[in-house]
Amino acid sequence: MEQSLAARDHCGQRPLKQPSLALMAHLVLTGLTKRYGQTVAVASLDLAVERGESVALLGPSGCGKTTTLRMLAGLIAPDAGRVTVADQDLTQVPTHKRDMGYVFQSYALFPHLDVAANVAFGLAERGIARSERDRRAREALALVRLAGFEGRRPRELSGGQQQRVALARALVLRPQVLLLDESLSNLDARLRESMRHEIREIQRNLAITTLFVTHDQTEALTMCDRIAVMNRGRIEQIGTAREIYDTPATRFVAGFVGRINTIPLARDATGLNAGGIAIRAHGVPDGPVDLFLRPQLVALAARSEPAGDANRLEGVAARTVFVGDRSEVLVDTAAGRLVVELAPGAPAPADGAEIALLWAPETGRVFAREDA
Amino acid sequence: MNTGAGASRSLAFAAAGVIGLLLAPVVVVVVISFSADSFIVFPPSGWSLRWYERLLSHRPLMAGLQLSATVAAFVAVLSLILGLPAALALARGNFPGREALRAFFLAPLLLPTLVLGLALLLAFQPFGLIATLPGLVLAHLTVTLPFVVRMMATNFATLPDDLEAAAATLGAPPLRVFFRVTLPLAAPGLAASGALAFLLSFDETVISLFVSGPRASTLPVEMVRYVEGRTDPMIAALSTVLVCGTLAVAVAVERMIGLTRAVGR
Ligand SMILES: Nc1ncnc2c1ncn2[C@@H]1O[C@H](COP(=O)(O)OP(=O)(O)O)[C@@H](O)[C@H]1O
Ligand SMILES: [Mg+2]
């Protein structure tokens, strides 16, 4: 402590005694671990979130997202690891002193208090005068577009309104860190969409460091600066939506984020093949492997069209499916049925048409096959 | 479909029959309480309120009523105050031996009250607690506390998830969480527990017989004494008053949380 003060005095900057990542990032999780008996809920998780940044914790149900968030808020004691905010180790600090807003999956509104009192709950803890409390609560409710609902009880609100009250209750304190646990999962599709944008906008305007837990990839892609993909208590990859989508680091990430074709590959004397057709790919690991190919990175072509450097797989168009904003063609090939996105404006092939699929070797990703 | 309806109808008849059977003695008592006869005769040959008037001027029974009400009030309040921390520990605490403690709190429920009464008599004698207000209160607490602890523990355990956690994330230290969230939400259940403790104490007879004395006797003890000597409709009048009182408390509790939820686990 003294050391760091001295260092700051001398050069007018923060001391450089810690790794630079930890120094720059606002919220840092190091080796966070939680076990429940035999189950490892969170396995030595590392994560660094910049000030004002919004990071999604994306992963399937049961992968340890909630446990991570609860450890962050101090609601669960980790078995190992540290939680640091603004270079301050909070691991041993009790929840009420952490200054972290938490929006629970269940909203957790106080049923015995009206909406205004719910929102003002934390302000009262900070010893703020009643009139000021009321004013700020009204302001926060206006922020989430719930002006006029002050006197209602939580049970008199719809799910979406309750969720916004929970958000207002957390935001009114201007917390250092905002934690959202599947906060939109109970809403209907339309409300979810508008809430996504509202929360994103509020988060940006207030520049609150945010960790957003979700199992919904659209939510993760639209709401956050970066995405951390979680599986079985670990972060498998962290990066921007583009990075995660275009260059998945692991087989799990490739399969979990976005639609993708999985093509089993075989090895022969000359290299790899899919259903007997030779395939070229980059970054191929040892052992049995599968090729992962995004539907929009595969081109539909006539059988007569030359392949050039691209991989080529012949097939028969089975069906074209219109999915709202685009069309997808299901193509039966020697390597199984593949989904191919139809380029905008391109004519759909007739059902049963004989076609070819083309893709550049570098667009596909190859990962070792998991034992079934 | 038809057989199902028939079955449910015969079930309803059976239920009505059982309830009728249970209530019949009460009805008889209420009817007799308005009797004009000097002895218990059913049906009475005439009607009057004379036994109610007689009851009001009967010193020992009125003194018993007053004592019982006082004891029950103390027992209810003390059950809540003493039971609250235990209930919280049972519902929230995560300590070794929690199950053993839970079993311990259930144990007196299974002990024959006769044995408990004798034990209390032996234990209280040296301290001069027999036939005193503190002695009676203490004795009744041994009966009510396990009930109240168990009821309140259930009450705390069934509070909605995450509310206390939410209060903590909003900056409330543990004690403030308790007073601002836990207690208000548990209040109806606590009131019901208090009411139950009151009724249990008021109704307690066997243990009271052991620890009462000429100096201080609760109402049930006085009633037993009275009935030993003679049988006239006055005791029916008293019973009617007690039934009404108990019913009033039960209705109040039902209003607050629902009796089934209060007693159920
Ligand atoms: N209190 C608990 N006791 C035992 N196991 C738990 C507990 N909480 C979570 N788990 C287990 O830990 C894993 C991660 O849970 P969780 O963090 O809730 O996942 P997510 O929020 O990603 O769905 C799951 O396998 C879950 O069963
Ligand atoms: Mg969860």
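Which residues touch the most other members of the largest nonpolar core? In this predicted model, they are A56(A), V119(A), A168(A), L179(A) and A228(A). The core holds 108 residues. Domain 1 (2-99 + 175-254) and domain 2 (259-368) of chain A both contribute to this core, so it lies between them. A second core is separate and has 35 residues. Its members include F74(B), V137(B), V143(B) and A197(B). In soluble globular proteins, nonpolar side chains tend to be buried together.

Apart from neighbours within four places in sequence, L179(A) contacts L69(A), L72(A), A73(A), M100(A), G101(A), Y102(A) and L211(A). Of these partners, L69(A), L72(A) and A73(A) fall within α3 (65-73) of chain A. M100(A), G101(A) and Y102(A) belong to β6 (100-103) of chain A. L211(A) sits in β8 (residues 209-214) of chain A.

The overall architecture of chain A was then examined. The secondary structure of chain A comprises 10 helices and 20 strands. Its C-alpha trace spans about 80 × 50 × 45 Å along the principal axes. Of its 372 residues, 38% are buried. Contacts between residues at least 6 apart in sequence were also sorted by separation; 66% of them in chain A join residues at least 24 apart.

Chain A divides into two domains, domain 1 (2-99 + 175-254) and domain 2 (259-368). Their C-alpha centres are 36 Å apart. Four residues of domain 1 of chain A and five of domain 2 of chain A make the contact. On the domain 1 side, two residues are nonpolar, one is polar and one is charged.

The contact between the chains draws 18 residues from chain A and 16 residues from chain B. On the chain A side, β6 (100-103) and α4 (115-125) each supply at least two residues. The chain A side has nine nonpolar, six polar and three charged residues.

Helix α4(A) also stands out for its burial. Eight of its 11 residues are buried, so α4(A) is largely enclosed by the rest of the structure. The buried residues are V115(A), A116(A), N118(A), V119(A), A120(A), F121(A), G122(A) and L123(A). V119(A) is also one of the residues that touch the most other members of the largest core. The buried residues of α4(A) pack against α5 (130-143) and α6 (159-171) of chain A. They also pack against α7 (163-169) of chain B. Just after α4(A), G127(A) adopts a positive phi of about 70°.

Ligand 1 is surrounded by residues of chain A. Its shell consists of Y36(A), T39(A), A41(A), G59(A), S61(A), G62(A), C63(A), G64(A), K65(A), T66(A) and T67(A). Two elements of chain A, β2 (39-49) and α3 (65-73), each give two or more residues. The largest share, three residues, comes from α3(A). By class, the shell has three nonpolar, seven polar and one charged residues.

Strand β2(A) also takes part in a sheet. Four strands of chain A form this open sheet, in the order β2-β1-β4-β5, with antiparallel pairing. β2 and β5 (88-89) of chain A stand at the edges with a single partner strand each, so one side of each has no neighbour in the sheet. Seven bridges join β1 (residues 27-36) of chain A to β2(A), and the two strands run antiparallel. Within this pair, L32(A) has L45(A) of β2(A) as its bridge partner. Strands of a sheet pair through backbone hydrogen bonds, either parallel or antiparallel.

T214(A) lies in strand β8 (residues 209-214) of chain A. T214(A) has 24 C-beta neighbours inside 10 Å and therefore counts as buried. Beyond its neighbours within four places in sequence, T214(A) contacts A56(A), L58(A), E182(A), E219(A) and A220(A). Its C-alpha atom is separated by 6.9 Å from that of G59(A), 155 residues away along the chain. G59(A) belongs to the shell around ligand 1.

L122(B) lies in helix α5 (residues 113-124) of chain B. L122(B) has 10 C-beta neighbours inside 10 Å, so it counts as exposed. L122(B) and F210(B) are 88 residues apart in sequence, with 9.5 Å between their C-alpha atoms.

Note on methods
Residues are numbered from 1 along each chain as its sequence is written. Chains are lettered from A and ligands numbered from 1 in the order in which they are written. Domain bounds come from an automatic or database domain assignment. Two residues are in contact if their C-beta atoms, placed from the backbone, lie within 7 Å. Ala, Val, Leu, Ile, Met, Phe, Trp, Tyr, Cys and Pro count as nonpolar, Asp, Glu, Lys and Arg as charged, and the others, Gly among them, as polar. A residue is near a molecule or strand if its C-beta atom, placed from the backbone, lies within 6 Å of it. A nonpolar core is a set of buried Ala, Val, Leu, Ile, Met, Phe, Trp, Tyr and Cys residues joined through C-beta atoms within 7 Å. A residue is buried if 20 or more other C-beta atoms lie within 10 Å of its own, exposed if 12 or fewer, and partly exposed in between; C-beta atoms are placed from the backbone. Two strands pair if DSSP finds at least two bridges between them.
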